[in-house]
Amino acid sequence: ARRHSYRYALASYEMYSKLAPNDPEGYKATGDLYFDIRDLGAAAKNYQRVLSLTKNYPDVNLRLAQISRNGGDSAAAMKLLEEEIRVNPRSDAARVEIGNIFMAQKDFDAATKAFTEAARLNERNADALFGLGVVYHLQGSYDNALSLFARVIKIDPLKADVYWQMGMIY
């Protein structure tokens, strides 16, 4: 039976990293756990350690970009996302993040392009479809937004934000 304890998992991964300091896996796992519990400074430190060991580790630049965007540094986030796409050309998640940045900047054409690319790479990416739906909603294209939100619910019926957006339209 698994215990599901972040504290014990972190202690285990940190010990692994001490015993195998040149293996990026321990730092990546530690960074992911810190990211999940929203200790973004500790997560970033571990992700930077991964990149110091291996420049082409998938999803690390994505996570650092999410941390940068959370801190309000969209320019740094975009550079990290460009690098993530270079390392992992099929990263639909990186394109969703790019869409989120453009949407926050109210550059709806660029946001639409990024979310559409993400959805083309992974037609079941609920975040891409949701982002595209929000853009349509913000532009007043309510029928298109509702259609996309219905698709999101089929993929992820527990995505609370989609119901909020639908309520704003109705």
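Author: Welcome! The model is predicted, so local features need pLDDT of at least 70, side-chain atom pairs count only at pLDDT 80 or more, and totals for chains, interfaces and linings use all residues. Residues are numbered from 1 along each chain as its sequence is written, and side-chain values use heavy atoms, with hydrogens and water left out.

Reader: What makes up the secondary structure of the protein?

Author: The protein has 10 helices and 0 strands; helices are DSSP runs of H or I with at least four residues, strands are E runs of at least two, and both are numbered from the N terminus.

Reader: Why are H8 and H9 called roughly antiparallel?

Author: Helix H8 (residues 126-138) and helix H9 (residues 142-155) pack at about 160°, with axes 8 Å apart. Axes are lines fitted to C-alpha atoms, for helices over the stretch in contact, and angles run from 0 to 180 degrees between N-to-C directions. Angles over 145 degrees count as roughly antiparallel, under 35 as roughly parallel, 65 to 115 as roughly perpendicular and the rest as oblique. H8 and H9 are therefore roughly antiparallel.

Reader: How do you know which residues of H8 and H9 meet?

Author: Contact means heavy atoms within 4.5 Å. On the H8 side the residues include Phe 130, Gly 133 and Val 134, and on the H9 side they include Leu 148, Phe 149 and Val 152. The residues of this contact divide into 12 nonpolar, 3 polar and 1 charged, where Ala, Val, Leu, Ile, Met, Phe, Trp, Tyr, Cys and Pro count as nonpolar, Asp, Glu, Lys and Arg as charged, and the others, Gly among them, as polar.

Reader: What makes H4 and H6 roughly parallel?

Author: The axes of helix H4 (residues 60-70) and helix H6 (residues 92-104) cross at roughly 15° and come within 10 Å. That angle makes H4 roughly parallel to H6. Their contact has 4 nonpolar, 2 polar and 2 charged residues.

Reader: Which residues touch the most other members of the largest nonpolar core?

Author: Leu 81 and Phe 149 do, in a core of 51 residues. Such a core is a set of buried Ala, Val, Leu, Ile, Met, Phe, Trp, Tyr and Cys residues joined through side-chain atoms within 4.5 Å. Leaving aside neighbours within four places in sequence, the contacts of Phe 149 include Val 162, Met 166 and Ile 169.

Terms used:
Buried means under 20% relative accessible area, exposed over 50%, partly exposed in between (1.4 Å probe, protein chains only).
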